[in-house]
Amino acid sequence: MASLKEVRSRITSVQSTQQITKAMKMVAAAKLRRAQDNILRMRPYAQRLSGILANLSQLTEGSVSNKYSEKREANRVLVIVVTSDRGLAGAFNSNIIKAANTLAQGKYRSQQEAGNLTFLTIGRKGAEALIKRGYKVIGDYTGTFANLSFDTVRVAAERAMDGFVAREYDQVDIIYNEFKNVATQIVRNEQFLPIEDKPVEETTNSMVSDYTFEPSKEQIIEELIPKSLKIQVYKAVLESNASEHGARMTAMDKATENAGELLKELKLTYNRTRQAAITKEILEIVGGAEALAAK
């Protein structure tokens, strides 16, 4: 049985940890509200932009060439992996890293063995984990979430897009956590490039519109498609940001509860140890008194 000093030390340590987890939960809750508002505002815009592009695609009927839609055999693959810069968020980061590893060892195993699989990481945790596993990682976007904005994310998106156009990569995928609610995040693995042909029904409920192009159909598509792709990456990062704060809030809430349960057990152990020590002292005193009386 541990000594009273050891038990008191553990109680103090757990109480200190519980205070930290409570504070982290409150901070995560405050950040979650802002992050949730951002992604809820972004989703309708991104969906509407995808709907416009789908309408344009049907109206042009392939008459306008698009360098981001060129389909090639996926010999060289780039995977964009969105994690966080910090831990203490439950399985938030590990689920993404596991999905990336599964992709490398499954679907893209031949590319990985040939050295043609590359990861572009947004978030320090993903970069560290993939480098540790020996994967090829490019880009340094570990500070993205410290100053999260469209401009900071656009740099990473442009690097992937330029690599695809320059034929450095034949296909680009993106893995991220989609925010559903505070307790639930869904791992998404989507094809980013080349642009997949989607029916209009998948992107918008409206009918195909008859657009008047000004200044020209070619110029509009040339500007809209890159912007839509960058918005797609930005949306994925916003989803991941909201998911991170939700996961951290849930993890810290559970940690606080566990600390409370541990404190109950430690206090019970402390009382039992103290009672045993007092009983032992009483027995020693009684035994000493009896010994003196016998003399």
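The model is predicted, so local features need pLDDT of at least 70 and side-chain atom pairs count only at pLDDT 80 or more, while totals for chains, interfaces and linings use all residues. Residues are numbered from 1 along each chain as its sequence is written, and side-chain values use heavy atoms, with hydrogens and water left out.

Let's start with the overall layout. The protein has seven helices and five strands; these are DSSP runs, H or I of at least four residues for helices and E of at least two for strands, numbered from the N terminus. Going along the sequence, the pattern reads α-β-α-α-β-α-β-α-β-β-α-α. There are 295 residues, and 38% of them count as buried. Here, buried means under 20% relative accessible area, exposed means over 50%, and partly exposed is in between, with a 1.4 Å probe and protein chains only. The protein exposes about 16700 Å², with carbon and sulfur atoms supplying 51% of that; accessible areas come from the Shrake-Rupley method with a 1.4 Å probe, and for residues only the protein chains shown count as cover. As for contacts, meaning heavy atoms within 4.5 Å, 78% of those between residues at least 6 apart in sequence join residues at least 24 apart.

Now please look at Thr83. You'll find Thr83 in the loop between β1 (77-82) and α2 (92-105). Is Thr83 buried or exposed? Thr83 is buried, at a relative accessible area of 1%. Leaving aside residues up to four places away in sequence, its contacts include Phe92, Asn93, Ile122, Phe145 and Ser240. Gly126 is also among the residues it touches, and the Thr83 side chain reaches the backbone nitrogen of Gly126 at 2.8 Å. For a polar contact, the cut-off is a pair of N or O atoms within 3.5 Å; within protein, one must be able to donate a hydrogen and the other to accept it, and residues adjacent in sequence count only if both atoms are side-chain atoms.

On to the charges. How many salt bridges does the structure hold? There are 15, each being a side-chain nitrogen of Lys or Arg within 4 Å of a carboxyl oxygen of Asp or Glu. One of them joins Glu70 and Arg167, at 2.3 Å from N to O. That pair links distant parts of the chain: Glu70 is in the loop between α1 (4-60) and β1, Arg167 is in the loop between α5 (150-165) and β4 (171-181), and they are 97 residues apart. Glu70 is partly exposed at 30%, and Arg167 is partly exposed at 44%. Both belong to a network of salt bridges that also links Arg72, Arg76 and Asp170.

Next, Glu158 and Lys230 meet in a salt bridge at 3.1 Å, N to O. Glu158 lies in helix α5 and Lys230 in helix α7, so this pair ties together parts that are 72 residues apart in sequence. Glu158 is partly exposed, at 24% relative accessibility, whereas Lys230 is buried, at 16%.

Lys264 and Glu261 form another salt bridge, with their closest N and O atoms 4.0 Å apart. What separates these two along helix α7? About one helical turn, because they are three residues apart in that helix. Lys264 is exposed at 57%, and Glu261 is partly exposed at 45%.

Two last stops. β4 and β5 (residues 184-193) pair in the antiparallel sense over nine bridges, where pairing takes at least two DSSP bridges between strands. They form a hairpin with two residues between them, and Phe179 has Gln185 in β5 as its bridge partner.

Finally, Ile278, Ile282 and Val286 form a nonpolar surface patch, with about 240 Å² of accessible area together. Patches take residues with over 30% relative accessible area and no salt bridge, joining like charges within 9 Å and nonpolar side chains (Val, Leu, Ile, Met, Phe, Trp, Tyr) within 5 Å. Ile278 is in helix α7 (residues 217-294) and counts as partly exposed, at 37%.
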